[in-house]
Each structure stands twice: as structure tokens, then as C-alpha cells.
Amino acid sequence: MPTPQRDATYGFKRDVAYIDDLMEKDRSHDWLALLARTQPAVLRFWYRESPVPLIPKGTGGLSVTPDDPSVTTPGMVLLETDSSGRLLRLEAVPPDFEETPTRNVETDWSRLFAAAGLNEAELEPAEPLWFPENFADERAAWEGRYPDAPEVPIRIEAASFLGRPISFRVVEPWNEPALPRAAVGPWLQPSEAISSVYARYLHTGLYFLLFVTLVLLAWRNLRLDRGDRRVAFRLGLVFFFLQLVRWLFGAHHIPNLQECEIFLGGLSVAFYYFGIAWLFYIAVEPYARRLWPGTMISWRRLFHGRFRDPSVGRDLLMGTVFGTLHTLVFYLQRLVPSWLGAVPSRPDLPLNPTKLFVLSGVDSSLSSLFAVAVNTMTTISWVITGLILLRFVFRSTKVVGTMLVALMILVWGSGFPEPSEVVIVSYALLWVFFFFRFGWIAVMVGLFWWNLNMSYPLGVDVASSYFHPTVLVAFVMLAIASYGFKVSLAGRPAFGDLLVEESKLAI
């Protein structure tokens, strides 16, 4: 018997395998036009409903994905369509008990073919090769081609149970059988943008080394009674509340007692970030204050409550300059080759699923905003720790800057197309200059500024689904720039000198 729906959610995903397949072939100057077609679909809409609450396992209860939680509970349904609404995948879990089962009923596939925009008469029956995710007593398969892309061969794999369809999937040439992969969340982890296996090991090893070093340095500083513990606590609170607000807007909430489990999951992650921030500051601050005191002037004033200090406003403004320059460098790297007649580069790099996550609604956009803030501050914390370690080893700030550029190219450069190595070098040079010239706040604001541009689909079409992220990003960027400009004036009127000159001329 049908199971009543109790929970549902939706989202967007992209078919990275299709882009990989295009990248392996000879590309012409208009190859990006292939991605504009809805067949094959690069952008996919997915919808899930369930008779029980959907509680993901792989994200600490933060976000439901097409494969997390697994589609195994009787009554669960997973649906995927292309951007035109044509069916690409259907998974429905049949009931585990039925008092009077109906047997020997012929399955009617016509409604699914109509939903997929396919003409059954133009398809050739084939031997089924793909198994459905759940038990079925009938399987079927067909072969054909996309109506809007006749050069792409496809297979239709379907299955039914007691005459009711429970599985329908359009299989494309680049699809490969694989175990279900539980998503790690709507925010890409740094290691996932690294293509080389050796670079991934290096990336993981560096993070492990930095974490162990933080623990040892913090332990030593505590024994020697060094470090600003008040600022460390306040920094931890900033991380804690940013992560908690991110959870509040981004988690898939449910109206029952299991919400407590989701809350505890979000709370544990928030405490984790609190601990990392506190550990970082206790471990690094005494050494950074001794080696590069100029980089921390505005930072310490800000966390001691001097929000209207002119140096804080100056570094906020310089951070916006840093973020703008890096954003321009990135986009120029992608546009200039096309202007010069070269083949356009890969369209989905850097990989950032946040752009699809924000399409789910305003709450998702707000959650992504705080996620970007947390990820930015965490990245800066690790980089500053690395700089301190390099300074201990090489005893020279100039060598430290050179090593930073080399490490950025080695660790991050492998996750980008070859021309983007210029971007990594440019970004690293900008990072070194702004860090040693303007300090922590400038590079943190600059990286946050750049991440905002990279993490949200921006456009001016008011009727589009991505207009509200545009408004949000514009508001945040304008607020940062306006506050920095106002505070940097130290109480002076913004156009005071200009008004004085005009009054003298009038006299």
C-alpha cells in the first residue's frame, strides 16, 4: 500500500563525468555550446521524499544529498531531471510487506518514457546490464540516442516490482558503475580539487603536520604562560557562532525529537571549530607578534573591541582591493585565451558546489555565506601557521614568501587547468604582498571577498533563480567596503576637503 510522505527536500547537482568526457576529446572554439544544451544534462535537479525523516549520515546532519541517506527505506523516492524537467533517473523503494500482492502484471513504461521526453518506438530493446538499487522482479533495457543530441548514444535501464516501476535511469557513455558515494556536503573540501594522487598525499600530510605542530606550540606557550588567551577565546567564539548560524540556515531540519540529534551534530562541529581557532591563536600569536608585529596591529585592535580604529578600516579597505584584484586576475585568465582565439578552458574549475547549493533558496544562500566565512578564516589560520613554521626553518622572511608561492603552486595548482598556474602564482604573490604589508585582516577580507565571487552565481536578471544570491553578495560587499571607508576616515567627513575648497571658490 502507498506510504504517506513525511519528509521531502530538493537540490541541484552537476554531471562532472560529462565535462571530463568533453575534456578528453578534441575541443573546438564553440565546444562550450555543447554544455548549453539540456541533453546531455550538465545541470540536474534532484528531489527526494521519504515516509521517515531524511537524516544524512555523511555530513553530521547538515545536508541531504541524492545518496545520503541511502535510498533503502520502503516508500522513499529519488527523482532526477534535466533543466527542462525531463526525467533522467527514478528510484522508488517498494513496500516490504503486502497482504494481497498482485502478480503477473505487465509493467507500463510509457509514462516514464513520456516523462523522459523519449519516443519508445525509436528505441531498440536490449539486454539489461545495470542492477536496480532495490529488489525487483522484472528488468528491461533499451538503446537509442538523445533527440536533441543524436550523436550521443544512451541506454535506458529500468526495473519494476509487481508491475510497478521502481527504477528508471538514462545511462550515458561516460557513466561508470560505482559504489554510491555519500557527499561530504555542499562545500568542497580542499583535497577534492587536487587531481594528482601524490599531491593529495602531500596536501593531507601538510594538514596533519600543521595540526600536530599547533598542539605542540600551544602546549609550550601555555607552560610558559604566553599568548593572549582573551583574544583566543573571542576568536573561538566567532568561529563557534559562524558555524552554528551556518548550521541553522543550512541543515535539513525535521519537526520531531530527532531534531535534537541534528542539533547535537551541528553543535559538535561548532565546538570543533571553536577548539581549532583557540588552539591556533594560542600556538601562533606569541611567535607572530615577535616576528611580524606589524601584521597584527589592526587584528589585535579589532579583537580588543576597538571597532572604529582607523587602522582596522584601512585594512578592511585594502582587503577589498586584494579580493578585487584576485577576482579580476582569475576572470581575465579565463577570458583572455578566448579573446586571443584559444580554446576556452574547463568551465567548472575551481570546483565549488556551493553555486548549486544556493539555488535551493534564501536559507541556503545565507548558510553558504557563513560557510564561506568559516572556510576563509580556517584557511588563513592554516596558512599563517605554515608561514610561522617556514620562518623557524629558513630564518628569513623573504625565503618564507618564496616558499609560500612554491607551495601554493605545488599543492593547489594541480587542481586547476594548466593556464590557471598563472592565477595561482599571481594569487600567491598578491597574498604575500598584502599579508606582510597590511596584515591578517587584509588577507582574510580579501580571500572572503574572492570566495564570495566564486561561491555564488551572480547576474542581473531579476526573474532568475540566482538573483537573490546576487543581492546578498552585493549587500555584504558594499557593507564591508562602506564600513572600512567610514572607519578609516577617523571621524573626518568623507568629502570635507572638497567642500572646503568649493566654499573658498564660492567666496
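**Salt bridges, sheet and surface patch**

In this predicted model, the side chains of Asp82 and Arg86 meet in a salt bridge, 3.0 Å from N to O; the term stands for a side-chain nitrogen of Lys or Arg within 4 Å of a carboxyl oxygen of Asp or Glu. Local features need pLDDT of at least 70 and side-chain atom pairs count only at pLDDT 80 or more, while totals for chains, interfaces and linings use all residues. Residues are numbered from 1 along each chain as its sequence is written, and side-chain values use heavy atoms, with hydrogens and water left out.

How covered are the two partners? Asp82 is buried, with a relative accessible area of 2%, and Arg86 also counts as buried, at 16% relative accessibility. Here buried means under 20% relative accessible area, exposed over 50%, and partly exposed in between (1.4 Å probe, protein chains only).

The structure holds 18 salt bridges. One of them joins Glu172 to Arg44, with the closest N and O atoms 3.1 Å apart. This pair links distant parts of the chain, 128 residues apart: Glu172 sits in the loop between E8 and helix H4 (197-223), and Arg44 in strand E2. Helices (H or I, at least four residues) and strands (E, at least two) are DSSP runs, numbered from the N terminus. Glu172 is buried, with a relative accessible area of 3%, and Arg44 counts as buried at 9%. Another salt bridge brings together the side chains of Glu80 and Arg89 (3.3 Å, N to O), and both of these residues are buried. Glu80, Arg89, Arg44 and Glu172 are among the members of a network of salt bridges that also includes Lys13, Asp15, Glu91 and Glu133.

Turning to the sheet, 8 strands form an open arrangement in the order E1-E2-E3-E4-E8-E7-E6-E5, with antiparallel pairing. Its edge strands are E1 (7-14) and E5 (124-126), each of which pairs on one side only. From one strand to the next, the twist averages 20°; axes are lines fitted to C-alpha atoms, for helices over the stretch in contact, and angles run from 0 to 180 degrees between N-to-C directions. Two strands are taken to pair if DSSP finds at least two bridges between them.

Strand E2 (residues 43-50) is joined to strand E3 (residues 77-82) by 6 bridges, and the two run antiparallel. Trp46 stands opposite Glu80 in E3, the residue whose side chain also meets Arg89.

Strand E7 (residues 153-161) is mostly covered, with 8 of its 9 residues buried.

Finally, the surface: Val321, Leu325, Leu328, Tyr331, Leu332, Leu335, Val336 and Trp339 make a nonpolar patch of about 700 Å². Patches are made of residues with over 30% relative accessible area and no salt bridge, like charges being joined within 9 Å and nonpolar side chains (Val, Leu, Ile, Met, Phe, Trp, Tyr) within 5 Å. Accessible areas come from the Shrake-Rupley method with a 1.4 Å probe; for residues, only the protein chains shown count as cover. Tyr331 lies in helix H8 (residues 310-339) and is partly exposed, with a relative accessible area of 34%.
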